[in-house]
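Before reading on, take a moment to look over the structure shown below. The notes that follow begin with one residue and then turn to the chain as a whole.

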Amino acid sequence: MRLDKYLKVSRIIKRRTVANEACDTSHVTVNGRPAKASCDVKAGDIIEITFGERTMKVRVLSTAEHVGKAEAADLYEAIV
């Protein structure tokens, strides 16, 4: 699954266009490497997103094309 779509489906970022912009400006890394929006994401990958001075790090548990709001948090695990 594309990184920008995963970020939107999992509701880490609310809109796909915002996810695209975050990737284009190097605010998103996958497994420690800067990632483009088209990067393929799979279970086990570590995604790190920088929002201003705050950084969010998550491990991908699964990918799904469509999930409800209640199940979106089950797609990833926050890493401290």
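A residue is called buried when its relative accessible area is under 20%, exposed when this area is over 50%, and partly exposed in between. In this predicted model, R16 has a relative accessibility of 34%, and therefore counts as partly exposed.

**R16 and its surroundings**
- R16 lies in helix 2, the element that covers residues 16–24.
- If residues up to four places away in sequence are left aside, R16 touches R2, D4, K5 and K8.
- With one of these residues, D4, the side chain of R16 also forms a polar contact of 3.2 Å.
- Between R16 and E77 there are 20 Å in space, taken from C-alpha to C-alpha, while in sequence these two residues are 61 residues apart.

**Elements and overall form**
- The chain has two helices and five strands, and their order from the N terminus on is α-α-β-β-β-β-β.
- The radius of gyration of the chain is 11 Å, which agrees with a compact globule, because a globule with 80 residues would have a value near 12 Å.
- Taken along the principal axes, the box that the C-alpha atoms fill is roughly 30 × 25 × 20 Å.

- Among the contacts that join residues at least 6 apart in sequence, 37% are between residues at least 24 apart.
- Of the 80 residues in the chain, 34% count as buried.
- The accessible surface of the chain is about 5100 Å², and 49% of this surface belongs to carbon and sulfur atoms.

Methods
Residues numbered from 1 in each chain as written. Predicted model: local features only at pLDDT ≥ 70, side-chain atom pairs only at ≥ 80, totals over all residues. Heavy atoms only, no water. Helix = DSSP H or I, 4+ residues; strand = E, 2+ residues; numbered from the N terminus. Buried < 20%, exposed > 50% of the residue type's maximum accessible area, 1.4 Å probe, protein only. Contact = heavy atoms within 4.5 Å. Polar contact = N/O pair within 3.5 Å; in protein donor to acceptor, adjacent residues only side chain to side chain. Rg over C-alpha atoms; globule rule 2.2 N^0.38 Å. Areas by Shrake-Rupley, 256 points an atom, 1.4 Å probe, with all protein chains shown as cover.
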